Amino acid sequence: MFMFLVRKAFEELYPNKETSHRFNLRYSRAFKGYNANVKYDKQNMEFRLSYEWKSVSDEIKIGLIQSLFNKVFKTNISTLNIDLYNTFLKKIPLLTPKIESDPVLEDSFYRVNEKYFYGMILKPNLVWGGDNFRTLGTYDYTTDTIRVSKILDNEPELLDYIMYHEMLHKKLKYRESKKRNIHHTKEFRKKEKEFDIPDIEKRLNRFLRKQRFKNHFSF
Ligand SMILES: [Zn+2]
């Protein structure tokens, strides 16, 4: 039913390429936010888009599909539709309803926003994760959600540091369009060092060690 979109995306991206794949596109409730993926074997290639994509214009959807084609066929072709799609991605935080929040995380968010971002970062969803010692925080741009490990609940300074890190992701993610997947860029690391407690990494490690867990973590 939506195959023509995939066909059109393919033909515009690869005007001279033939493929024997049978294309399909369907909307899946398995995804949150504006997620999408592509599954394929030798005969079939199916694009699955979250329900949110239903109300997005075909022009942008074609850009999404072309981005996925670039991954499947290991090409790096740009098109007007891909540009539109990338512009759309940047606006997702504005489109995503902010429903989930927590007072402790909110306080931290506002402190950090005032101090380091002139209050310019729009509030994302703010949620606690489990008691995770390895992943202290994540930022998911598809749902505009910052998630922080529950172990930092009573550690306001460490919490602010992780919050700062994730807010930098929200702010810097799409700056470098050609290298979108490199999350911790030089610019990122430079900005991260602007946090006003110079030995915060040490404190964080000490805290994690004290919890008698490995001081090996990622965020
Ligand atoms: Zn990070």
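**Helix packing first**

Mentor: Start with helix H5 (residues 156–172) and helix H7 (residues 200–210): their axes come within 10 Å and cross at roughly 120°. Axes here are lines fitted to C-alpha atoms, for helices over the stretch in contact, with angles from 0 to 180 degrees between N-to-C directions. Helices (H or I, at least four residues) and strands (E, at least two) are DSSP runs, numbered from the N terminus.

Trainee: What kind of model is this, and how are residues numbered?

Mentor: This is a predicted model, where local features need pLDDT of at least 70, side-chain atom pairs count only at pLDDT 80 or more, and totals for chains, interfaces and linings use all residues. Residues are numbered from 1 along each chain as its sequence is written, and side-chain values use heavy atoms, with hydrogens and water left out.

Trainee: Okay, back to the pair. Which residues in H5 and H7 meet?

Mentor: From H5 you have Glu-157, Leu-158, Tyr-161 and Ile-162, and they meet Ile-200, Glu-201, Arg-203, Leu-204 and Phe-207 in H7. Contact means heavy atoms within 4.5 Å. The residues of that H5 and H7 contact divide into 6 nonpolar, no polar and 3 charged. Ala, Val, Leu, Ile, Met, Phe, Trp, Tyr, Cys and Pro count as nonpolar, Asp, Glu, Lys and Arg as charged, and the others, Gly among them, as polar.

Trainee: Switching topic: how many helices and strands are in the chain?

Mentor: The chain has 7 helices and 6 strands, in the pattern α-β-β-β-α-α-α-β-β-β-α-α-α along the sequence. Of its 219 residues, 45% are buried, meaning under 20% relative accessible area, with exposed over 50% and partly exposed in between (1.4 Å probe, protein chains only). Among contacts between residues at least 6 apart in sequence, 50% join residues at least 24 apart.

Trainee: And H2, how many of its residues are buried?

Mentor: In H2, 12 of the 15 residues are buried, so call that helix mostly covered. Among the buried ones are Ile-60, Ile-62, Leu-64, Ile-65, Leu-68, Phe-69 and Val-72, but also Lys-61, Gln-66 and Asn-70. The buried residues of H2 pack against helix H1 (3–13), strand E1 (22–28), strand E2 (36–40), strand E3 (44–50) and helix H3 (80–95).

Trainee: What span should H2 have, going by its residues?

Mentor: At 1.5 Å a residue, the 15 residues of H2 (residues 58–72) should span 21 Å, and the end C-alpha atoms are 21 Å apart, which agrees. The expected span is 1.5 Å times one less than the number of residues. Just after H2, Lys-74 takes a positive phi of about 50°.

Trainee: What about Val-56, buried or exposed?

Mentor: Val-56 counts as buried because its relative accessibility is 10%. Val-56 sits in the loop between E3 and H2. Not counting residues up to four places away in sequence, Val-56 touches Tyr-34, Lys-61 and Phe-88. Val-56 and Phe-88 are 32 residues apart in sequence and 9.4 Å apart in space, C-alpha to C-alpha.

Trainee: Last one: which side chain makes a polar contact with the side chain of Thr-145?

Mentor: That's Asn-125, at 3.3 Å. A polar contact is a pair of N or O atoms within 3.5 Å; within protein, one must be able to donate a hydrogen and the other to accept it, and residues adjacent in sequence count only if both atoms are side-chain atoms. Thr-145 is in strand E6 (residues 145–148), and Asn-125 is in strand E4 (residues 125–128). Thr-145 counts as buried at 7% relative accessibility, and Asn-125 is buried with a relative accessible area of 5%.
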